[in-house]
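Here is a friendly note to read alongside the model on your screen. Take the points in order, and keep the structure open so that you can find each residue as it comes up.

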Amino acid sequence: MSSDKIDKKKGGQKKKAQRATSNVFSMFDQRQVQEFKEAFTMIDQDRDGFISKEDLAAMFDSLGRQPKSDELDEMVNEAPGPINFTMFLTLFGDKVQGSDPEDAIVNAFKLFDPENKGVIGAKQMKELIMGVGDRFDKSEFEQFVSTAPVKEGKFDYKVYAHTLTCGEEEL
C-alpha cells in the first residue's frame with residue numbers, strides 16, 4: 001500500500017476509486033436530454049428499455065413508411081451493443097460532435113451571397129444543391145426544401161444554419 005493511501009486512511013478519509021468513464025449526458029443540456037428521452041420512449045414501442053429492429057419497424061410503420069429489413073438492420077447495427085437510452089444518447093452525441101459550428105455553416109453559404117444579405121435566391125440554391133459538389137437527387141432536394149426557411153423566393157441561410165446547430169425552438 002502506498003504511503004499516500006495510508007495517510008488518507010489515518011486521517012479518516014477513504015480514497016475512492018476513479019473510474020474512467022465518458023459521461024454522454026454532459027454533451028447535452030438538460031432540455032436536450034429530456035427531448036432525447038421523449039424520442040427514445042416513442043421509438044421503444046414495446047417499452048422494454050431497448051430499441052430493437054422491431055421497435056424501429058413499428059415506429060416507421062406508425063409514420064406510414066415501411067423500410068426494408070436491411071435498412072433496419074443497418075440502423076440497429078450502428079450501435080456496438082444493445083440500444084438502451086445511454087447508447088441512444090451516445091449515438092446522437094457522436095453525430096452531433098461531427099457537425100460544424102454555426103459560423104462555419106454561415107460562412108460556407110456566404111460564398112454564394114456576395115452582397116452579404118443573409119439570403120440566397122431559391123432558384124440559385126436549387127442550382128447549387130443539385131448541380132455542384134455532392135449533388136442532391138430530386139428526393140433529397142425535396143426533403144431539404146421541406147425544412148428550408150424560404151420566404152419570398154429567398155433561402156435564409158442564417159436561420160437554416162442556426163436551426164441545424166441549435167434546433168428550431170431556439171430561434
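1. **What you are looking at.** Please keep in mind that this is a predicted model. Its secondary structure comes to 9 helices and 3 strands. Reading from the N terminus, the order of elements is α-α-α-α-α-α-β-α-α-β-β-α.

2. **Burial and contacts overall.** The protein has 171 residues, and 25% of them count as buried. Now look at contacts between residues with a separation of 6 or more: 51% of these join residues 24 or more positions apart.

3. **The sheet.** In what order do the strands of the sheet lie? The order is β1-β3-β2, in an open sheet of 3 strands with antiparallel pairing. The edge strands are β1 (119–121) and β2 (150–151), and each of them pairs on one side only. Between β1 and β3 (residues 154–156), which run antiparallel, there are 3 bridges. If you want a landmark, find G121, which stands opposite K154 in β3.

4. **Helices on the sheet.** Helix α7 (residues 122–131) packs on the sheet and touches β1, β2 and β3. The direction of α7 makes about 80 degrees with that of β1. Helix α9 (residues 157–166) lies across β1 and β3, and α9 runs at about 40 degrees to β3.

5. **The buried face of α6.** Which residues of helix α6 (residues 102–110) are buried? They are I105, V106 and F109. Viewed down the axis of α6, these buried residues fall within an arc of 100 degrees, so they line one face of the helix.

6. **α6 against α9.** The axes of α6 and α9 come within 9 Å and cross at roughly 150 degrees. Angles over 145 degrees count as roughly antiparallel, and that makes α6 roughly antiparallel to α9. Their crossing is right-handed. On the α6 side the contact involves E102, I105, V106, F109 and K110. These meet residues of α9 including Y157, Y160, A161 and L164. Notice that I105, V106 and F109, the buried residues of α6, take part in this contact.

7. **α7 against α8.** Helix α8 (residues 138–147) packs with α7 at an angle of about 140 degrees, and their axes are 10 Å apart. The two helices are therefore oblique to each other. α7 passes α8 in a right-handed crossing. To see the contact, look for M125, K126, I129 and M130 in α7, which meet K138, F141 and F144 in α8.

8. **α3 against α4.** How do the axes of helix α3 (residues 53–62) and helix α4 (residues 69–76) cross? They cross at roughly 120 degrees and come within 9 Å. α3 and α4 are therefore oblique to each other, and α3 passes α4 in a right-handed crossing. Here K53, L56, A57 and F60 in α3 meet S69, L72, D73, M75 and V76 in α4.

9. **Two residues with positive phi.** N116 lies in the loop between α6 and β1. Phi of N116 is near 55 degrees, a positive value in a residue other than glycine. With 44% relative accessibility, N116 counts as partly exposed. E152 sits in the loop between β2 and β3. Although E152 is not a glycine, it has a positive phi of about 50 degrees. Is E152 buried or exposed? At 81% relative accessibility, E152 counts as exposed.

10. Finally, find N23 in the loop between α1 (3–10) and α2 (30–43). N23 counts as partly exposed, at 45% relative accessibility. N23 and T90 are 67 residues apart in sequence, while their C-alpha atoms are 9.1 Å apart in space.

Technical notes: Residues numbered from 1 in each chain as written. Predicted model: local features only at pLDDT ≥ 70, side-chain atom pairs only at ≥ 80, totals over all residues. Heavy atoms only, no water. Pairing = 2+ DSSP bridges. Helix = DSSP H or I, 4+ residues; strand = E, 2+ residues; numbered from the N terminus. Contact = heavy atoms within 4.5 Å. Axes fitted to C-alpha atoms, helices over the stretch in contact; angles between N-to-C directions. Buried < 20%, exposed > 50% of the residue type's maximum accessible area, 1.4 Å probe, protein only. Arc of directions from axis to C-beta. Parallel < 35°, antiparallel > 145°, perpendicular 65-115°, else oblique. Left-handed = near helix turned anticlockwise from the far one by under 90°.
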